[in-house]
Amino acid sequence: MAFHKFRADQLFDGYRLHDDQQVLIISEKGIVENIVSLTDAGDDIQSFKGILTPGFINCHCHLELSHMKGYIPERTGLTKFVTQVIQDRHFAETEILEEIEKAENEMLSGGIVAVGDICNNNLTIPQKIKGRLRYHNFIEASGFLPQLAEQRFKRSVDFYNEYAGQSGPESSNSIVPHAPYSVSEELWEMIIHFPGNQIMTIHNQETRGENELFLNRQGEFLDFYQALGMDASFFRPSGKTSLQTYLSKFLPHQQLILVHNVHTSADDLAYCREAANTRSLYWCFCPNANLYIGGELPDVDMFIQQDLSIVLGTDSLASNHQLSIVAEMQTIRQHFPSVKTGQLLGWATINGARALHLDNLLGSFEPGKKPGVALIEPSFSGSKRLL
């Protein structure tokens, strides 16, 4: 049997960094055999500059919005951004499908091996059935008006059934709430009790206005509802932040990926420790999208100090210039220089694999796994897939 032997300035195995005296041995089928010392590795070793790492896990993407790259101006704020996505996303289907394929190619070439992908339609199925990446399809349900709950949920179930039947044996699926400001109590109940909904995700505290809505019924979302022609007079605030309002709605067995977390506070994190099994919570950062939409970032250092489970996502090309996990890590390195390289790499690999229930296959260089092999170029200037 032929083997690939890879060596670089550093090797990250999913848990820790090794120096250039370690060699990764991979079978021709991409299965990890071992990590051995340079003196025991024999001949035919391929050497690289940079960091060898397992393939990356992109825990939050909207592949279906790839055709909107560069369409929405930067720093419009979240409600204007969402309004423009809702109103202007309907391009010609052939163009949408072409851009979806290009976006997946970009993720593949950059070393991404699995994606948690938000789905509001069936347009990514033709690409996903090719089986080039593993996907967990988060079929998104939204509808703030109670009278629309049944109709909106049926629509999501129909998409769920399409994905379950057509998106390939290596894909899995959930029906999930879009965001706390866009889901009625009636729709919440339908979502959380849908059979098999074990991996969940939600856009969390992406903007200050989200908390203002639930604390005192003020802020930008009142204008947002009015602009969309929705009568939100029925809504009564909880007097708590959005996270503290909705977290208890999820069922105890449901693992949850909270995405963005720009306006999550220390009090919110303290609440989570009291109210939930924090081992079932994953905090997903998409820093380049946060800068694109609102020019703000979450307090990454605070999450590290709390020893929370962190993962990374790219969001969509409507809110980002690229779909690159390394670009997300580079932005975090620039704004939070105390973050250690090994921490970042763990978020991008084994943590992401755990969040999507793929850690038996991906996320680390352990014998028997097939995690893919990526190379991070010096100074995190880019990345490429080796296997």
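**Exercise 1. Find which residues have the most contacts inside the largest nonpolar core, and state how many residues this core has.**

Solution. A nonpolar core is a set of buried Ala, Val, Leu, Ile, Met, Phe, Trp, Tyr and Cys residues joined through side-chain atoms within 4.5 Å, where buried means under 20% relative accessible area with a 1.4 Å probe, protein chains only. On these terms the largest core has 86 residues, and those with the most contacts inside it are Phe56, Met107, Ile175, Ile257, Trp283 and Met329. Apart from it lies another core of 20 residues, including Val82, Ala179, Leu213 and Tyr225. The model is a predicted one, in which local features need pLDDT of at least 70 and side-chain atom pairs count only at pLDDT 80 or more, while totals for chains, interfaces and linings use all residues. Residues are numbered from 1 along each chain as its sequence is written, and side-chain values use heavy atoms, with hydrogens and water left out.

**Exercise 2. List the contacts of isoleucine 175, leaving aside its neighbours within four places in sequence.**

Solution. Taking contact as heavy atoms within 4.5 Å, start with Ile139, Ala141, Phe153, Ser156, Val157 and Tyr160, which are among the partners of isoleucine 175.

**Exercise 3. Describe the protein as a whole through its buried share, its contacts and its box.**

Solution. Begin with burial: buried residues make up 56% of the 387 residues. Next, among contacts between residues at least 6 apart in sequence, 72% join residues at least 24 apart. Finally, the C-alpha atoms fill a box of roughly 70 × 45 × 40 Å, taken along the principal axes.

Methods. Buried < 20%, exposed > 50% of the residue type's maximum accessible area, 1.4 Å probe, protein only.
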